[in-house]
Amino acid sequence: MDKKIIVNGKDEKEPLGDLYGIFFEDLNHAADGGLYAEMVQNRSFEFDTVDNKEYHPLYAWEKVERGDAGVVLSICTTDPYCDKNPHYLVLEAVKPGEGAGIANRGYNSGFAVKEGEAYLFSCYTKKMSEDPVELRVALEGQDGCEYAVLTLCAEDTGWRKQEGRLVSSRTDAAARLVLTLPQKGTLALDFVSLFPEDTFMGRRNGMRKDIALKIKDMKPKFMRFPGGCLVHDGSLDPEARNSMYRWKNTIGPAEERPARRNSWGYNQTLGLGFFEYFQFCEDIGAKPLPVLPGGYDPHHQRVVPIQEMQPWIQDALDLIEFANGSPETGWGAVRAQMGHEAPFGLEYLAIGNEEVGDAFFERYPLFHKAVRENYPEIKIIGTAGPFAAGSEYEKGWSCAKECGSDLVDEHYYHTPEWFLANHHRYDSFRAEDPKVFLGEYASWGNTWYNALVEASFMLGLERNAKAVGLACYAPMLANADYVNWKPDMIWFNNREVFGTPDYYVQKLFMNHQGSRRLGVRTQGLGEPERKEQPLRGSIRLQGYDAEVLYRSVTLENNRTGERKDFGDFHLKKGEVSVLPAETEWEDYTISCRAVELDGYQGFQIFFGWQDEENHYCWTVGGWQNYDLLLSKKIHGCVSDLTQSLIRVSEGQEYELKLQVSGHRLCAWVDGRLCAKTEDRPVVIEPLYYGASRDEADQALILKVANLREESIAVQLELEDMCGSVLRGTIYTMQADPAAENDFEQPERVAPKESPFHSKGGSFAYEFPGLSLTIFRLKEE
Ligand code: AHR
């Protein structure tokens, strides 16, 4: 056979370290209503319009008045159980009737309870009338059928914790938790909580077992948490209701943690806090990788004055002590008090998520210096922003290099085509520089094709392990009824969970990462297939959510010198003007003067326009009037090719010039070159491959992705195993490229395992079209 993949187990390359991990962000209700097993929504009556304009203190609760019952509900703040959670409910049963009280609807369709399973109820009460006040707690179906009941009694005039256990007599995904007062009386109620007894590892204040197990099964080497944008969006005041994510707010008894606005448009109880994150990491065998805000909210341009940065820096130092300090240290003692004497073994700390701009670059070095001086063993991670290229990306890298950061966090969400075109992105990265932490990436979609393209890209990461230290797909979790962001790796509702094809790819790569990369040679595999597409199409002008004036619009053919003048275009918000011009040119310059007359953002010039779903775009003043972007849309999905900063001022005239030379794009504003990029062609290699050794069991791992539709027959030669009998497992994934998983067919696309046996290390194998194959082999 003329096509060969040759692996030599003695050709040892770099260690693969902690390469593949996961990223947890509380978006899509990933924490509350997700991994955090609390079943009551709005347990502390703290939901507020600051979280979401539809929220109020009784959100997710409803009044219960059965028969001729009458109840008066009021939200009070005088003498609360905890000042940080000042709201509580006062229930006044004026007439108990057949049930006077409240019901909580939980998340999704309700409380998903199972027959025979136990649920742990707790709440805080104080009686507000003379006599003791009874509280009846029931799990009920929507038809009023009771699945479990318990009765508690508030005898004190001060706050007291009440607890009980409910065992459900039925399975129902839409149950309610109903609290009623059987007699006349007045009761104050707070922190109403219900957890399944059977949480992950049986922990109190724990995680939902099914979701946690799905995560654990991946065997991630690390977990980045708690976000994303969640970390840096908010007020600078840690006491403010909408404060940024400040880790000290998230520890201690759950009922004493303050509720906070979640920047994804809901409320976070912070019941899943830093202690729980660290513990979860330990439970699943992943190294913790916390992200702290850098004293700058890029979404609202809130910046901590440089002379007031000390508390923020101290937060970082204290977090290290909380994680690693002995119980004799101040913060180590807090950890021990929470139930974890031994240190959590923190190795990584990231400062900032996607922050770009001088405000961040001035502040990051302060954190870096303090952490390095106090904890030289901690690996410090800087950020290169939310784009894969451009001026701020470059600045992020320069800042990290100047500081001597250990890793730089890169993020990008792109089309599958971009991932294929950029398979060799890291080939030129240097081992001596900070390592890449690919902290967020995904191709737009959850089909098998998306997952397979990601697999091919990951083989590029592995091949460049000298420069790429860590990588994690993002986002990880999505509650299917509360979606902020798509695609996501794992989907769930209140009772079921399924992994996407992307999940299974990630799982396979984590389960079979190996500890050391091995060299791979090939023979006769053939040439890469280049899918060059000429950049042709019409040109359109538009305001970006703004009324704009484009003056003296011209188009010049750079090859022939032919020039067309189109005059002026006054475009109201939403209006588009298509230039009556050639659409076949491939080398041209568009020039104009542009003024924003009314609006907030800026200008958009579309070019290479094929249709709504397929075109290029130059945006000036994008995302909160902050970005200058050159982007490409394919099949309705966008890839930002490069980004820099700009702010468009209303009434000011800008000279815009865009040069399109084949696939090379340059953009100038007022004579300044602001963006330069090349839209690389999609390339499909004959095969994508990588090999490693798992030093734990001496297994040899070979991963091969075939991105072509036809199968490819190859002779595999494991040189140093020629005389051996090999045994092991082959894991294969193959499916229709458009196939996805869902609740009905959660494993439509999932790996198949088959035993492998070979006498000798040379054997033929046919890699099916559009497939991923992983061999895990050992010598007998
Ligand atoms: O992963 C979703 C979001 O994408 C993250 O919050 C943010 O870091 C990125 O922009």
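Contact here means heavy atoms within 4.5 Å of each other. By that rule, Glu-347 is in contact with Asp-18, Lys-287, Glu-377, Ile-378 and Lys-379, leaving aside its neighbours within four places in sequence. This is a predicted model, in which local features need pLDDT of at least 70 and side-chain atom pairs count only at pLDDT 80 or more, while totals for chains, interfaces and linings use all residues. Residues are numbered from 1 along each chain as its sequence is written, and side-chain values use heavy atoms, with hydrogens and water left out.

Helices (H or I, at least four residues) and strands (E, at least two) are DSSP runs, numbered from the N terminus. Buried means under 20% relative accessible area, exposed means over 50%, and partly exposed lies in between (1.4 Å probe, protein chains only).

**Glu-347**

- Glu-347 sits in the loop between H5 and strand S20 (348-351).
- Its relative accessibility is 27%, so Glu-347 counts as partly exposed.
- Glu-347 and Glu-98 are 249 residues apart along the chain, and their C-alpha atoms are separated by 58 Å.

**Helix H3 and Gln-279**

- Ten of the eleven residues of H3 are buried, so the rest of the structure largely encloses this helix.
- Among the buried residues of H3 are Phe-274, Phe-275, Glu-276, Tyr-277 and Asp-283.
- The cover over the buried residues of H3 includes S2, helix H1 (209-218), strand S14 (222-225), strand S17 (287-292), H4 and helix H5 (330-337).
- Gln-279 belongs to helix H3 (residues 274-284).
- Gln-279 counts as buried because its relative accessibility is 13%.
- Not counting residues up to four places away in sequence, Gln-279 touches Arg-203, His-340 and Phe-344.

**How H4 meets H6**

- Two packed helices are described by the angle between their axes and the distance between the axes.
- The axes of helix H4 (residues 310-324) and helix H6 (residues 358-374) come within 9 Å and cross at roughly 35°.
- Axes are lines fitted to C-alpha atoms, for helices over the stretch in contact, and angles run from 0 to 180 degrees between N-to-C directions.
- From H4, the contact uses Trp-312, Ile-313, Ala-316, Leu-317 and Ile-320.
- From H6, the contact uses Leu-366, Phe-367, Ala-370, Val-371 and Asn-374.
- By class, this contact has nine nonpolar residues, one polar and no charged.
- Ala, Val, Leu, Ile, Met, Phe, Trp, Tyr, Cys and Pro count as nonpolar, Asp, Glu, Lys and Arg as charged, and the others, Gly among them, as polar.

- Leu-27 lies in the loop between strand S2 (20-23) and strand S3 (61-66).
- Leu-27 is buried, with a relative accessible area of 1%.
- Leu-27 and Tyr-266 are 239 residues apart along the chain, yet their C-alpha atoms are separated by 8.9 Å.
- Not counting residues up to four places away in sequence, Leu-27 touches Trp-264, Tyr-266, Pro-475, Leu-477, Asn-484 and Trp-485.
- Ser-577 is in strand S32 (residues 576-578) and is buried, with a relative accessible area of 11%.
- Leaving aside neighbours within four places in sequence, Ser-577 is in contact with Ile-539, Arg-540, Leu-541, Phe-569 and Leu-571.

**Pocket and cavities**

- On a 1 Å grid over the protein atoms alone, a cavity is a set of points where a 1.4 Å probe fits but cannot get out, and a pocket is an open set with protein on both sides within 12 Å along at least five of seven lines; lining residues have an atom within 4 Å of a point.
- Grid points are joined across faces, edges and corners, and a volume is the space filled by probe spheres set on the points.
- The largest pocket holds about 1,000 Å³ of space.
- It is lined by 47 residues, and the closest to its centre are Phe-387, Trp-623, Asp-627, Leu-629 and Asp-640.
- S35 gives the most to the lining of the largest pocket, with five residues.
- There are four cavities of 30 Å³ or more.
- The largest cavity holds about 90 Å³, and its lining divides into four nonpolar, five polar and three charged residues.
- The second largest cavity has a volume of about 50 Å³, and residues including Trp-312 and Phe-367 line it.
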